[in-house]
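Here's a quick briefing to go with the sequence and the fold. Take a look at the model first, then work through the points below.

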Amino acid sequence: MPKPSARETVLDAYQDILIEHGPGSVTLDAVAAKANVSKGGLLYHFNSKEALLDGLLERLRRLSLADIEHAKTAPEGVVRYFLTSSVTDASMDKPAHRASMAALRQVGSDPRVTETIKECALLWREMVAEHIDDPLTAEIVGALGDGLYLRATMGEETATLVDQLDEVLRRLGL
């Protein structure tokens, strides 16, 4: 696996600070120190905290789009992939989840954060709706996936629903 670029290392450090300590702990000095780069090195890639946030939101969009593209070709099908990955991807070792958690720490601080999170969620809902004939059932599946993701993120047991996914899909008429 290739070594991440300095830019990606800085974004990783920014995410880590957001996740571990919250937005109040983000300073350019703190991010530079966490990334083990000089402040000048950080400023070369991100000249402000706003630029760091832009980088994080771009990363979140990019990772979400990549996962959606993967879902479209998943052997188990889009709906099953969406629901299963809503649980399995809620792990701090998954880049998309880390980007989501870092962005969620910023909700309320900048309207761009909320808009990006809504944009990514809408892309998932639209993709699911493309594979389910009934719009209400598509919305139910979307809400189920969101709920599974939230539960898994909080560490709640979600295996029961995932283990019974065939029955869940049958009851939804899928």
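Let's start with helix H5, which spans residues 78-88 and is mostly covered, with eight of its 11 residues buried. Keep in mind that this is a predicted model. The notes below go from that helix to the whole chain, then to the cores and one arginine.

**Helix H5**
- The buried residues of H5 are Val78, Val79, Tyr81, Phe82, Leu83, Ser85, Ser86 and Val87.
- One of them, Tyr81, turns up again in a nonpolar core of 21 residues.

**The chain as a whole**
- You're looking at 10 helices and zero strands, so the element order from the N terminus reads α-α-α-α-α-α-α-α-α-α.
- Along the principal axes, the C-alpha atoms fill a box of roughly 55 × 35 × 30 Å.
- The chain has 174 residues, and 40% of them count as buried.
- Take the contacts between residues at least 6 apart in sequence: 67% of those join residues at least 24 apart.

- In soluble globular proteins, nonpolar side chains tend to be buried together.
- Here the largest nonpolar core holds 27 residues, and the members touching the most others are Val10, Tyr14, Val31, Leu52 and Leu56.
- At least two residues of this core come from each of helix H1 (6-21), helix H2 (28-35), helix H4 (49-72), helix H6 (95-104) and helix H7 (111-130).
- Setting aside residues up to four places away in sequence, Tyr14 touches Val26, Val31, Lys49, Leu52, Leu53, Leu56 and Gln106.
- There's also a second, separate core of 21 residues, which includes Ala74, Tyr81, Ala90 and Ala152.

**Arginine 59**
- Which helix holds arginine 59? Its place is in helix H4.
- Why does arginine 59 count as buried? Its relative accessibility is 6%, and buried means under 20%.
- Neighbours within four places in sequence aside, arginine 59 is in contact with Glu8, Leu11, Asp12, Gln15 and Ala99.

Conventions:
Residues numbered from 1 in each chain as written. Predicted model: local features only at pLDDT ≥ 70, side-chain atom pairs only at ≥ 80, totals over all residues. Heavy atoms only, no water. Buried < 20%, exposed > 50% of the residue type's maximum accessible area, 1.4 Å probe, protein only. Helix = DSSP H or I, 4+ residues; strand = E, 2+ residues; numbered from the N terminus. Contact = heavy atoms within 4.5 Å. Core = buried A, V, L, I, M, F, W, Y, C linked by side-chain atoms within 4.5 Å.
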